[in-house]
Amino acid sequence: MTATAAGAPAPPTVALEDALASLTRDLSKLSARLKAVDHTVKTECKALTLRLHYPAFRQRRPMVSELVDAVSTYIVNFCLPRQQVADLNDQYGKVSAAEFTEMFEGLRQEAFDLFKRAHVATNRNGEAGELILYLLTEWLLDAPQIVAKMSLKTNTEMPVHGADGVHVRYCGTTGRLYLYWGESKLYGNLDQAITEAAKSIAESLDDKKIKHEIMLVKRHLDLSGLPLDAKKAMLDFLDPFGSGYANRHDVISCLIVFDFAAFKATLACETDAEEEFCRLALAKLEEVAPKIALALKEKGIEHQEVEMFIIPVPSVATLRDLFQDKIGWKHPATKKAPKKQKGAGKKSMRRTKGTSIDAGTSRSDMGE
């Protein structure tokens, strides 16, 4: 009888692989709202994978609002610890339908409030980018979220600025544990988004920041939903003295969302609008791919493994507003210039002096 025969304890890594597989959900239905463009675009950065996506079309127009509706349904899973969500699911069938609905609505409101408080605490805009990146990483990279960073960001005593998400995948073939550190950037200007993404990726790979992120993972692993043997196996990969430490690979999952004028061009084309859009989007990817490689190279991270999701939208500002409206976030309205009144001169100047949005700044360029 071999060591792996029936009745023998499973190796720790097998327990980890099985446990992570059980946490992975089928998110393929999102493909009805977020389409992919197949391509063969490569760069000189061999470790960089470019993934091009876009909102699905209906009657020649992209369904951005419907995409926001779809991704918003996952905000509970994104914001709250997995164990907290599991505790609610355990009540299904044990309480009345009305009671379960009330409990779920309470949990969803908690997630909405947590999302807003976390972005106030970190001085960010309440973007949908983090949520979209979370779904893409779980869906297409088969890497479930292991720590709900959003649930930690409201703790003022714990600095958690860093990765927008922490996901994990174990490969039984190579024996490697892949940790995915998320970075999302929403900018109206694509060149600016690329620059900021490269900057954030380089900063996130700083040794001190990686150690801090690892500390957060170890500290909150009890809320991951992993069984004890799987947690022990994972901790072995995170322990510098562990036997699996050398097989831990840090990967960046990055989302770039930007304004793309080609959406307007497709409305006037005589051929299939979605097909024409894909052609224009692919041409744009071929154009910017060398820029992305150059940005990574300038930061000295051209050999870093990066999974980059690129999503063009008609308007980043509109995407942001739709999502903020969905969760009840009060976003600043674009203010019209006040009418000039007699004797208002210096007083009017003093009143407008601390306006939060500069009149010359587009809201689409207020990225994160």
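Which residues in α1 meet which residues in α9? Select Pro12, Thr13, Ala15, Leu16 and Ala19 in α1, then Asp229, Ala230, Ala233, Met234 and Phe237 in α9: these meet, with contact meaning heavy atoms within 4.5 Å. By class, this contact has eight nonpolar, one polar and one charged residues.

The model is predicted, so local features need pLDDT of at least 70, side-chain atom pairs count only at pLDDT 80 or more, and totals for chains, interfaces and linings use all residues. Residues are numbered from 1 along each chain as its sequence is written, and side-chain values use heavy atoms, leaving out hydrogens and water.

Now show the whole helices, α1 (residues 12-23) and α9 (residues 228-238). Their axes come within 8 Å and cross at roughly 110 degrees. α1 and α9 are therefore roughly perpendicular (65 to 115 degrees).

Pick Ile214, Val217 and Lys218 in α8; they meet Met234, Leu235 and Leu238 in α9.

Stay on Met234. Leaving aside neighbours within four places in sequence, Met234 is in contact with Leu16, Ile146, Val168, Leu177, Leu179, Val217, Leu221 and Leu226.

Zoom out to the largest nonpolar core, which has 61 residues. A nonpolar core is a set of buried (under 20% relative accessible area, 1.4 Å probe, protein chains only) Ala, Val, Leu, Ile, Met, Phe, Trp, Tyr and Cys residues joined through side-chain atoms within 4.5 Å. Ile146 and Met234 have the most contacts inside this core. Helix α11 (residues 273-298) gives its largest share, ten residues.

Note on methods: Axes fitted to C-alpha atoms, helices over the stretch in contact; angles between N-to-C directions. Helix = DSSP H or I, 4+ residues; strand = E, 2+ residues; numbered from the N terminus. Parallel < 35°, antiparallel > 145°, perpendicular 65-115°, else oblique. Nonpolar A, V, L, I, M, F, W, Y, C, P; charged D, E, K, R; others polar. Buried < 20%, exposed > 50% of the residue type's maximum accessible area, 1.4 Å probe, protein only.
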